[in-house]
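Look at the model first.

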Amino acid sequence: MLFRSEQDGKSESFSFSEVGQFFKMGMTVYIRYQETNPLGKIPVTMKLASDGTAQLRRHASSDLRLVFNPNELASTKYATPAGLMDITTRTKMVNFTYQEAPLTGGVQIDYELITGKEVVGQYKIRLQFVQ
């Protein structure tokens, strides 16, 4: 997985490889993995719907659920130890492709993160998976 961000004119990127699970429920695809960081392993679930929308959920001490709906604003709450924070995503692109035999595919999501009326940063998620 590759994650790129741009905040206050500064760009950052990091990438990692993890073992995960891929499964379908109806027309929706789920990708689950454990993200390893200095604080330990964080369970992450990516939900990819057939209508072109996506959700990303990180289950840590600060529970985060981001909703990606191309060309629309999607508001949610970010649960932090200090309390709930309102955040909004403005999704520029969601692209998801895969084939089942052998299982390979990728997810690309470009979005802006907004708190209040201020754009906090611009982000790109690139996830490639293989069986």
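Ala, Val, Leu, Ile, Met, Phe, Trp, Tyr, Cys and Pro count as nonpolar, Asp, Glu, Lys and Arg as charged, and the others, Gly among them, as polar. The model is predicted: local features need pLDDT of at least 70, side-chain atom pairs count only at 80 or more, and totals for chains, interfaces and linings use all residues. Numbering runs from 1 along each chain as its sequence is written, and side-chain values use heavy atoms, without hydrogens and water.

Q: How do the lining residues of the largest pocket divide by class?
A: A pocket is an open set of points on a 1 Å grid over the protein atoms alone, where a 1.4 Å probe fits, with protein on both sides within 12 Å along at least five of seven lines; lining residues have an atom within 4 Å of a point. Here 22 residues line the pocket, with F3, R58, L64, Y111 and Y123 nearest its centre. They divide into 16 nonpolar, three polar and three charged.

Q: Which strand gives the most to the lining of the second largest pocket?
A: Strands are DSSP runs (E, at least two residues), numbered from the N terminus. β3 (20-25), β4 and β11 each supply at least two lining residues. With four residues, the top contributor is β11.

Q: Which are the edge strands of the six-strand open sheet?
A: Two strands pair if DSSP finds at least two bridges between them. The antiparallel order is β2-β1-β11-β10-β9-β8. Two strands pair on one side only: β2 and β8 (73-80).
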